[in-house]
Structure formats: C-alpha cells, structure tokens
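Student: I've got a new model open and I'd like to talk through how it packs. Can you take me through it?

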Amino acid sequence: MELETKRLVIRCFSGNDTEDLYEYLSKEDVVKYEPYAPYSRQEAAAEAARRAEDPRFYAVALKTGKVIGNLYLEKGDYDTWELGYVFNSDYWGRGYAFESVSALLTRATEEWGARRIVAMCNPRNEASWKLLERLGFRREGTLIRNIWFFQDEEGKPLWQDTYEYGMLKEEWRRSAGRREYER
C-alpha cells in the first residue's frame, strides 16, 4: 500500500528504514507513552525488518524519502479498526501526524470497509488526544489504572490511565478534520 498526500508518502516499511526508525524510536520523549523503552540501533534494525512484514504498520515519509514516523491500523471485530501513531519529535507541531492520519482514515473508511475507528492514549499525552479531537474523534471513556508497561524497583506495576476515543465512518465523512485535510 502506498498513499501520497501533499507533503508525505505513507507506505509499507522496509529493512532500509532502520536508521530513520532508530532516529525517533531511540528518543525518550518519543516513546514516553509507548509500551517499550528507547530502542538501540540493533533493536531498530530488527523492528524495521519485522515491520516490513507486518501489514498493520505504515511508514510516514517526507517526499524526500526520510521516514519521520509511523501509523498503525489494525482491523478488529465488527469492522472496528484501531489506530496508533508515533512521530519523530524533530517533526512535531508541523501537521504531519494530522495529514497522514487523515489520509489513512479516508482510505480505511472509503476503501477498506472500516465502520468504526478507535484509538487509545495516555491522558498525560496531551498532544495525542488533542490530535484525535482535532480529527473529529470523540472521547468515549477514561479507564483508570487499566494498563501497565513497566515496573518499579520492587517489581510492582506502574499503572496508567487510558483515554478511549472513537469515530464512526459517517462521522469521519462529516468531520471538520476531513474537510481541513481535503483543502
């Protein structure tokens, strides 16, 4: 799959994406809310190879070819798809996440049969939930201390809260986010 926007190319990963993937997955600020610690170069190489075989992950590249982030979209039950995204902090605040997610949502709802899209994020990740709301997602709930990725020094889980967001296909078609993207 390849999808082109005004400034970006959204495509499958390849093993050649190791350095760009390492550049952002090695940053503490980028992976702060992810279920993994910063990657080593070796881990990024293995991850690039794994993602090249995983149709749920999409590289987001500038038209120069530089990968600046990734999208995740997985089909679940009842034509509900789960969305995720991670971007290189060097490119935050420029609208690349909005542009790439908008393109992928349009493809998923118009061509792949997505009836509903859901996304989860940590309430402390304000940039993430503000992006979802700008796109037109509705906050459907807050799960309290529902998940943990890491443990403290004593081996006890470090519990986190989660915001749940959702949007129906017809809501995406009417959303201000889609209209803004299509301009």
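Student: Which residues of helix 1 meet helix 3, and which residues of helix 3 do they meet?
Tutor: Keep in mind that this is a predicted model. Contact here is heavy atoms within 4.5 Å. On that basis helix 1 contributes Thr18, Glu19, Leu21, Tyr22, Tyr24 and Leu25, and on the helix 3 side the partners are Arg41, Ala44, Ala45, Glu47, Ala48 and Arg51.

Student: How many nonpolar, polar and charged residues does the contact of helix 1 with helix 3 have?
Tutor: Tyr counts as nonpolar in this scheme, along with Ala and Leu, while Glu and Arg go down as charged. Sorting the contact of helix 1 with helix 3 that way gives 7 nonpolar, 1 polar and 4 charged residues.

Student: At what angle do the axes of helix 1 and helix 3 cross, and what does that make helix 1 relative to helix 3?
Tutor: The axes of helix 1 (residues 18-25) and helix 3 (residues 41-52) come within 8 Å and cross at roughly 120°. Roughly perpendicular would need 65 to 115 degrees, and roughly antiparallel over 145. So helix 1 is oblique to helix 3.

Student: What is the handedness of the crossing where helix 1 passes helix 3?
Tutor: That goes by which way the near helix is turned from the far one, with clockwise counting as right-handed. For helix 1 passing helix 3, the crossing is right-handed.

Student: Where do the buried residues of helix 1 fall, seen down its axis?
Tutor: Start with the list: Thr18, Asp20, Leu21, Tyr24 and Leu25 are buried in helix 1. Looking down the axis of helix 1, they fall within an arc of 170°, so they line one face of the helix.

Student: What covers the buried residues of helix 1?
Tutor: Helix 3 is one of the elements over them. The cover also includes helix 2 (28-31), strand 4 (67-75) and strand 5 (80-87).

Student: Staying with helix 2, is Val30 buried or exposed?
Tutor: Val30 lies in helix 2. Its contacts, leaving aside neighbours within four places in sequence, are Tyr24, Val86, Phe87, Asn88, Ser89 and Trp92. Buried means under 20% relative accessible area. Val30 has 9% relative accessibility, so it counts as buried.

Student: What distance separates the C-alpha atoms of Val30 and Val86?
Tutor: Val86 is among the residues in contact with Val30. Along the chain Val30 and Val86 are 56 residues apart, but their C-alpha atoms are separated by 7.1 Å.

Student: Ser89 touches Val30 too, so which other residues does Ser89 touch?
Tutor: Ser89 sits in the loop between strand 5 and helix 4. Ser89 is buried, with a relative accessible area of 17%. Not counting residues up to four places away in sequence, Ser89 touches Val30 and also Lys27 and Asp29.

Student: On to helix 4: what is its orientation relative to helix 5?
Tutor: Helix 4 (residues 96-110) packs with helix 5 at an angle of about 50°, their axes 11 Å apart. Roughly parallel would need an angle under 35 degrees. The crossing is right-handed. So helix 4 is, relative to helix 5, oblique.

Student: How do the residues of the contact of helix 4 with helix 5 divide into nonpolar, polar and charged?
Tutor: Ala97, Phe98, Val101 and Ser102 in helix 4 meet Leu131, Arg134 and Leu135 in helix 5. Those divide into 5 nonpolar, 1 polar and 1 charged.

Student: With which residues is Ser128 in contact, leaving aside its neighbours within four places in sequence?
Tutor: Ser128 is found in helix 5 (residues 126-135). Ser128 is buried, at a relative accessible area of 9%. Leaving those sequence neighbours aside, the contacts of Ser128 are Tyr85 and Cys121.

Student: What is the phi of Tyr78, and what is the phi of Asp79?
Tutor: Most residues other than glycine have a negative phi. Tyr78 and Asp79 are both in the loop between strand 4 and strand 5. Tyr78 is not a glycine, yet its phi is positive, at about 60°. Asp79 is not a glycine either, and its positive phi is about 55°.

Student: Is Tyr78 buried or exposed?
Tutor: Exposed means over 50% relative accessible area. Tyr78 has 69% relative accessibility, so Tyr78 counts as exposed.

Notes: Residues are numbered from 1 along each chain as its sequence is written. This is a predicted model: local features need pLDDT of at least 70, side-chain atom pairs count only at pLDDT 80 or more; totals for chains, interfaces and linings use all residues. Side-chain values use heavy atoms; hydrogens and water are left out. Axes are lines fitted to C-alpha atoms, for helices over the stretch in contact, and angles run from 0 to 180 degrees between N-to-C directions. Helices (H or I, at least four residues) and strands (E, at least two) are DSSP runs, numbered from the N terminus. Buried means under 20% relative accessible area, exposed over 50%, partly exposed in between (1.4 Å probe, protein chains only). The arc is that of the directions from the helix axis to the C-beta atoms.
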